[in-house]
Amino acid sequence: MSLYDYLQPPRGWIGGVLPEEVDVGTGREVAMVVSHLTAYPAGLAFRVTVLSRSDPAMVCRDNLEASGRTGTDSADLHLCIGVEFSDGRCAIQKTRWIGASAEGGLGEFPSYPKQMPPDPALDLILNVSGSEASEREFVADCWVWPMPPAGAVGFKCGWPAAGIPIGCKSINAEILHAAAKRAEPLWDLEAA
Amino acid sequence: MSASVSDDGNWTQPKWWGPPSGWFGGVIPRELVLGLSDTAAVMVTHLSVYPTGVAFRLRAFKRPAVPAARIPNPVDQFPIEDSPKIGSGEFRDAADESLIGQSSWEEESSLMDQLKFAVEFEDGRRAERSAPVGGPGDFTIIAFQEGKAVAPDPIESIVLNGRSSSSGPDELVEDRFVWPLPLSGSLAFSCCWSAVGIPERRVELGEAIWREALERAHRLRLAP
């Protein structure tokens with residue numbers, strides 16, 4: 001394992017992938033799904049996909065207009081992606097697909113480690129990176145460090161401006177731990 | 001994103017361009033190791049099957065913090081059907097091995113550029129990273145982007161379109177979409193990256209694997 005495992009999935013590993021997807025939010029025009037759950041000994045990668053039946057700017061029209069008047073995006077315009085462990089640790093990241101202001105008002109990185117190096121027993125890091133947006137689809141790849149403890153793992157996601165309040169859908173960490181056991185290194189990392 | 005203009009003036013994404021609008025793909029729960037040497041690896045990850053094709057991520061990267069020793073090659077152990085089969089097609093030119101060991105940004109980019117990658121169907125259709133359209137006719141992605149009335153043939157053509165990409169000194173990441181689905185049989189990925197010691201190698205995804213994932217693909221489901 002590397003000191004920087006908390007930042008991103010480990011390069012040089014074959015991850016244990018699960019076929020399941022988790023419906024984390026369904027509105028009248030928009031749905032959010034967590035998929036490509038990929039487990040490693042160090043943590044969990046997953047992908048959030050948001051699909052919209054119509055132009056998301058029209059779906060969020062009222063909120064966009066209000067944000068345009070103030071010059072700052074309202075919090076409801078942000079896509080929320082979060083993870084909660086059974087021991088109470090929780091990290092929520094905000095990102096955005098559409099917005100009225102240039103800077104987005106996303107604020108500070110909220111799940112920065114409490115100490116360096118981060119403590120896998122105390123910290124929960126959620127990195128949302130590599131997002132890609134098109135006309136009707138938004139995709140973000142996420143990384144959770146460390147692996148969740150036994151019990152339920154909750155995905156706290158939502159997009160209030162598009163009619164998806166922030167909710168929590170859980171899966172059992174047992175299937176993630178089993179998938180992590182299938183992960184394997186490409187090279188002898190112990191010798192590095 | 002480019003697309004075509006329909007009669008009513010709206011932009012319409014052609015089927016070969018990428019995943020169909022309003023669909024969640026069915027995940028293939030495995031990551032494929034196409035090539036591995038002491039210094040680099042090539043993988044296919046994030047495989048999703050749609051009714052119109054397969055989306056995936058091509059990753060080529062250098063070994064992090066190169067160790068001296070090496071364990072048995074996981075490529076040889078990875079349980080993919082018929083894994084160690086040499087590709088039937090051939091890549092068009094050989095890589096320049098003189099680039100090994102060079103380190104500037106441009107040189108590293110050239111190293112990444114030398115990665116050869118292809119997708120093949122059992123019926124012989126083949127598309128390459130450097131030649132993304134296979135099949136008869138005059139269809140090319142550039143001709144389409146220039147507004148010409150061209151389209152690939154779903155029975156005889158194959159298109160390997162690029163959706164997004166990023167590259168740095170140590171890693172290349174490309175999100176790709178291959179259109180259409182094979183009529184039957186396996187879907188094969190092959191790569192060759194001679195400059196880092198990865199010979200041509202092919203990995204097949206059996207028909208049962210991609211069809212099982214296809215059953216998990218579904219349309220956007222909305223609240224009433």
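**Chain A and its interface with chain B**

Buried residues (under 20% relative accessible area, 1.4 Å probe, protein chains only) account for 50% of the 192 residues in chain A. This is a predicted model, in which local features need pLDDT of at least 70, side-chain atom pairs count only at pLDDT 80 or more, and totals for chains, interfaces and linings use all residues. Residues are numbered from 1 along each chain as its sequence is written, chains are lettered from A in the order in which they are written, and side-chain values use heavy atoms, without hydrogens and water.

**Fold of chain A**

- Chain A contains three helices and twelve strands, taken as DSSP runs (H or I, at least four residues; E, at least two).
- The C-alpha trace of chain A spans about 55 × 35 × 30 Å along its principal axes.
- Of the contacts (heavy atoms within 4.5 Å) in chain A between residues at least 6 apart in sequence, 60% join residues at least 24 apart.

**Interface with chain B**

- In the interface, 38 residues of chain A are in contact with 48 residues of chain B.
- The two chains, A and B, bury about 3,400 Å² between them, with 61% of it on carbon and sulfur atoms; this area is the accessible area (1.4 Å probe) lost on being put together, summed over both.
- Two salt bridges (side-chain nitrogen of Lys or Arg within 4 Å of a carboxyl oxygen of Asp or Glu) are counted between chain A and chain B.
- A salt bridge joins B:Arg57 and A:Asp141, with the closest N and O atoms 2.9 Å apart.
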